[in-house]
Amino acid sequence: MDNNNPSFQFKTNINCEGCVAAVKPALDKIAGTNHWEVNTSNKDKILTVDSNGVTAKQIITTVQNAGYKIESISP
């Protein structure tokens with residue numbers, strides 16, 4: 001991830017590598033490869049996305065369309 005951009009963080013139910021693989025094409029398309037990550041070891045399965053050119057609403061819609069729950073926690 002690029003640490004020069006502010007990031008959005010979300011609580012999700014993306015809880016395994018298979019789930020990450022399922023959302024990867026959609027998140028890569030809107031945020032770019034290596035501009036997002038999911039901490040599957042965190043109890044809240046935190047998705048962090050660089051805010052460079054993408055809105056929180058776009059991220060939420062993308063993850064929901066992939067079939068996962070998502071809730072904004074910051075900013």
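Okay, a nonpolar core here is a set of buried Ala, Val, Leu, Ile, Met, Phe, Trp, Tyr and Cys residues joined through side-chain atoms within 4.5 Å. Buried means under 20% relative accessible area, exposed means over 50%, and partly exposed is in between, with a 1.4 Å probe and protein chains only.

Before I use that, the housekeeping. This is a predicted model, so to speak of a local feature we need pLDDT of at least 70, and side-chain atom pairs count only at pLDDT 80 or more, while totals for chains, interfaces and linings use all residues. Numbering runs from 1 along each chain as its sequence is written, and side-chain values use heavy atoms, with hydrogens and water left out.

The chain has two helices and four strands, and along the sequence they come as β-α-β-β-α-β. Those are DSSP runs numbered from the N terminus: helices are H or I with at least four residues, strands are E with at least two. The radius of gyration is 11 Å, close to the 11 Å that the globule rule gives for 75 residues, so the chain is as compact as a globular protein of that length. For the record, that radius is taken over C-alpha atoms, and the rule is 2.2 Å times the number of residues to the power 0.38. Along the principal axes, the C-alpha atoms fill a box of roughly 25 × 20 × 20 Å.

Of the 75 residues, 35% count as buried. Now take contacts, meaning heavy atoms within 4.5 Å: among those between residues at least 6 apart in sequence, 69% join residues at least 24 apart.

Back to the core. The largest one has 17 residues, and Ile14, Trp36, Leu47, Val49, Ile59 and Val63 touch the most other members. At least two residues each come from strand E1 (7-12), helix H1 (17-31), strand E2 (36-39), E3 and helix H2 (56-65). H1 gives the largest share, five residues. As background, nonpolar side chains in soluble globular proteins tend to be buried together.

Phenylalanine 8 is buried at 14% relative accessible area, and phenylalanine 10 is buried at 0%.

Next, strand E3, residues 46-50, which holds threonine 48. Threonine 48 is buried, at 11%, and its side chain makes a polar contact with the side chain of glutamine 9 at 3.1 Å. A polar contact is a pair of N or O atoms within 3.5 Å; within protein, one must be able to donate a hydrogen and the other to accept it, and residues adjacent in sequence count only if both atoms are side-chain atoms.

Glutamine 9 turns up again with glutamate 71, in strand E4 (residues 70-74): glutamate 71 touches Gln9, Phe10 and Lys11, not counting residues up to four places away in sequence. Glutamate 71 is partly exposed, at 46%.

Last, the backbone. Asparagine 34, in the loop between H1 and E2, has phi near 70°, a positive value in a residue other than glycine. Lysine 45, in the loop between E2 and E3, has a positive phi too, near 45°. Buried or exposed? Asparagine 34 is exposed at 57%, whereas lysine 45 counts as buried at 17%.
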